[in-house]
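Hello,

Here is the structure I promised to pass on to you. Please open it first, and then read on for a short tour of what turned up.

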Amino acid sequence: MKRMFEAVVFGGGKLFWDYRLHNTDHYKGYYHWHQCCEIIYVYEGAGRVVLGGETFPIRPGMLFFFRPYQLHHVYANVSPEQPYTRTIFHFDPQYIDVQLRSFTKRHALFAALWRGQNKIQAYDLAEFKTVIEHNLEDYQRSRKAGKGEDIEEITMMILRLLDYMIRSSTSGLKAPAWANERKSVGYAQEAMQWIDEHYQESFHLNDLADALHISKFYLSKLFHEETGSTLKEYITAKRMRHACRLLETTTKPVEWIGNEVGVPNASYFVQVFKQEVGTTPLKYRTGFLQSIKGKGDNR
């Protein structure tokens, strides 16, 4: 069952590592976030990543960096003839940050990425494809040899990736670099921008369509074509992510939080929250506070 918040369980390890995951059948994905950083490197595949209110292409040589608690969606067009192959790993950015401090330029990029100070989070590294894949393969061999938790092995692997990101001739990509690839890009990103500005209000899809001067049905078609998700899924994801943040940082009652994220009907808000996040708002708040207390006790 999908869960918008996917807690990564490290089990005492420093890195949660999935090497060369391979899909040849349906891969729709869904909006979610993690409590840690995530990096995806693509070997082969086609599709879209929704990140920060923009869409980016899945294609060989792409690298994506997701910050902790950052909402994102990965949609791949998968078939036996067009598989989706990638390496994914998750890690605690504060721990890695300490290890990189001796490497001034690479540490500066890493710190800006995980703290949200770097707008570029999608990098086209196709020109370095061979050396990047050799780097990831080297680390995989270290894991097989029982040295995967060696902080020097982890640091070297991440340092090399940061090096290629710095050296990339494109210095990362913004959506306009491929905005002409598909006509739906403009409308999809305009829709996400409008939703980002209005999701705290109660509105109908007709309001969004009217603001973009396009029919609701045509906009829905273009949005799904570009992102692999529906407008409703994106709106719900934005609202539930904000609701989680309010539950984490305030003591406001559930009814107030529902109203604050554009769902004024309290019972419906609880129903949607439980369906998307996997627990009730109050249990989510209790679990979050207990996790924070647990971290404090372990210091």
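Let me begin with two helices: the axes of H3 (residues 129-144) and H4 (residues 151-167) come within 10 Å and cross at roughly 170 degrees. That makes H3 roughly antiparallel to H4. Axes here are lines fitted to C-alpha atoms, for helices over the stretch in contact, and angles run from 0 to 180 degrees between N-to-C directions; under 35 degrees counts as roughly parallel, over 145 as roughly antiparallel, 65 to 115 as roughly perpendicular and the rest as oblique. Helices (H or I, at least four residues) and strands (E, at least two) are DSSP runs, numbered from the N terminus.

Before going further, please note that this is a predicted model, in which local features need pLDDT of at least 70 and side-chain atom pairs count only at pLDDT 80 or more, while totals for chains, interfaces and linings use all residues. Residues are numbered from 1 along each chain as its sequence is written, and side-chain values use heavy atoms, with hydrogens and water left out.

Back to the helix pair. On the H3 side, Val131, Ile132, Asn135, Leu136, Asp138, Tyr139 and Ser142 meet Glu153, Ile154, Met157, Arg160, Leu161 and Tyr164 in H4, where contact means heavy atoms within 4.5 Å. The residues of this contact divide into 8 nonpolar, 2 polar and 3 charged. For these classes, Ala, Val, Leu, Ile, Met, Phe, Trp, Tyr, Cys and Pro count as nonpolar, Asp, Glu, Lys and Arg as charged, and the others, Gly among them, as polar.

H4 also meets helix H2: their axes come within 10 Å and cross at roughly 90 degrees. That makes H2 roughly perpendicular to H4. Lys105, Arg106, Leu109, Phe110 and Leu113 in H2 touch Leu159, Leu162, Asp163, Met165 and Ile166 in H4. By class, that contact has 7 nonpolar, no polar and 3 charged residues.

Now to the sheets. An open sheet is formed by 5 strands in the order S1-S7-S2-S5-S8, with antiparallel pairing (two strands pair if DSSP finds at least two bridges between them). Strands S1 (15-23) and S8 (122-124) stand at the edges with a single partner strand each, so one side of each is left without a neighbour in the sheet. From one strand to the next, the twist averages 15 degrees. S1 and S7 (residues 84-91) run antiparallel and are joined by 7 bridges; Leu21 has Arg86 in S7 as its bridge partner. H2 (residues 104-114) lies across S2 (37-44), S5 (62-66), S7 and S8, running at about 60 degrees to S5.

Another open sheet has 3 strands in the order S4-S3-S6, again with antiparallel pairing. Its edge strands are S4 (54-58) and S6 (72-76), each with a single partner strand, so one side of each is left without a neighbour in the sheet. The twist here averages 20 degrees from one strand to the next. S3 (residues 47-51) and S4 pair over 5 bridges, and Gly47 stands opposite Ile58 in S4.

Enjoy exploring!
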